[in-house]
Amino acid sequence: PKQDHLQLVLSSKLRQSVFQPTRSTTNPSVRQPSMCRKLFENISEMLRKPILHLFTKPQCHLCDVVRAVMESSAVKYDLVLVNILLPHRQEWYEKYKHDIPVLYLNGHFFAKHRITKAAFERAIKDVTVGRNIIPDQSDTNPHLPRGKLPQTSDPL
């Protein structure tokens, strides 16, 4: 029991010192987050970064426009390009051959054909804080089978 109490006190002190703000060396009245707190916040941010799948093909003008809208935004996300013309993407080709560009956000249909910067940023921010997104359009082919979403981008 005495050893358990000592471990509890030590872990409590360690937790306080690790996450305790420190005083600035240049201005002692300013408190700065500890290094561990900064690391924890950075890891948390990385874990929350949304994953956006863009279904596209080479020489797709609408796809280029959608990518330009996304790149003009300051929100953070991971982009995976899915080239529907590749042989191993046949199920995606059958599903979206007439609808590209198509966007999936965190595994869910989000938009097709075009997006606005405001709608894109709102959806990314909503997903980042854990809210569900409501797509601007509906998936025109919900009855067609859906392939597994790839983890890495395809070459275009």
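View 1. The structure, a predicted model, holds one disulfide. This link joins Cys 60 to Cys 63, with a distance of 2.2 Å from S to S. The torsion about the S-S bond is 70 degrees, and the link of Cys 60 and Cys 63 is right-handed. Both partners are buried, Cys 60 as well as Cys 63. In general, a disulfide is a covalent bond between the sulfur atoms of two cysteines.

**View 2. The protein chain and its order of elements.** The protein chain contains five helices and six strands, and these elements follow one another from the N terminus as α-β-β-α-β-α-β-α-β-β-α. Of the 156 residues in the protein chain, 33% are buried. Among the contacts in the protein chain with a separation of 6 or more, 66% are made by residues 24 or more positions apart.

**View 3. The aromatic pair of Phe 55 and Trp 92.** A pair of aromatic rings is described by the distance of the centres and the angle of the planes. The structure holds eight aromatic pairs, and in one of them the rings of Phe 55 and Trp 92 have centres 4.5 Å apart and planes at 40 degrees, so this pair is tilted. Because Phe 55 lies in strand S3 (residues 51-56) and Trp 92 in helix H4 (residues 90-96), the pair ties together parts that are 37 residues apart in sequence. Phe 55 and Trp 92 are both buried, and they belong to one aromatic cluster together with Tyr 96, Tyr 104 and Phe 109.

**View 4. The aromatic pair of Tyr 77 and Phe 120.** Which geometry do the rings of Tyr 77 and Phe 120 adopt? Tyr 77 and Phe 120 form an edge-to-face pair, with 5.3 Å from centre to centre and 90 degrees between the planes. This pair links distant parts of the chain, since Tyr 77 sits in the loop between helix H3 (61-71) and strand S4 (78-83), whereas Phe 120 belongs to helix H5 (residues 117-128), 43 residues apart. Both Tyr 77 and Phe 120 are buried.

**View 5. Helix H5 and its buried face.** The buried residues in H5 are Ala 119, Phe 120, Ala 123, Ile 124, Asp 126 and Val 127. Seen down the axis of H5, these buried residues fall within an arc of 165 degrees, so they line one face of the helix. They pack against S3, H3, strand S5 (102-105) and strand S6 (108-112). Just after H5, Gly 130 takes a positive phi of about 95 degrees.

View 6. With neighbours within four places in sequence left aside, Met 70 is in contact with Leu 52, Tyr 77, Leu 79, Leu 103, Ile 115 and Phe 120.

**View 7. Leu 149 and Gly 147 in the segment after H5.** Leu 149 has its place in the segment after H5, and Gly 147 is found in the segment after H5 as well. Are these residues buried or exposed? Leu 149 has a relative accessible area of 12%, and is therefore buried, while Gly 147, with a relative accessible area of 10%, is buried too; the cut-off for a buried residue is under 20%. Leu 149 and Tyr 104 are 45 residues apart in sequence, yet 9.2 Å apart in space, C-alpha to C-alpha. Leaving aside neighbours within four places in sequence, Leu 149 is in contact with His 53, Phe 55, Trp 92, Tyr 104 and Gly 107. Gly 147 and Gln 90 lie 57 residues apart along the chain, and their C-alpha atoms are separated by 8.8 Å. Not counting residues up to four places away in sequence, Gly 147 touches Glu 91 and Trp 92.

Notes: Residues are numbered from 1 along each chain as its sequence is written. This is a predicted model: local features need pLDDT of at least 70, side-chain atom pairs count only at pLDDT 80 or more; totals for chains, interfaces and linings use all residues. Side-chain values use heavy atoms; hydrogens and water are left out. Rings of Phe, Tyr and Trp (its six-membered ring) pair if their centres lie within 6.5 Å; planes under 30 degrees apart count as stacked, over 60 as edge-to-face and the rest as tilted. Helices (H or I, at least four residues) and strands (E, at least two) are DSSP runs, numbered from the N terminus. Buried means under 20% relative accessible area, exposed over 50%, partly exposed in between (1.4 Å probe, protein chains only). The arc is that of the directions from the helix axis to the C-beta atoms. Contact means heavy atoms within 4.5 Å. A disulfide is a pair of cysteine sulfur atoms within 2.5 Å.
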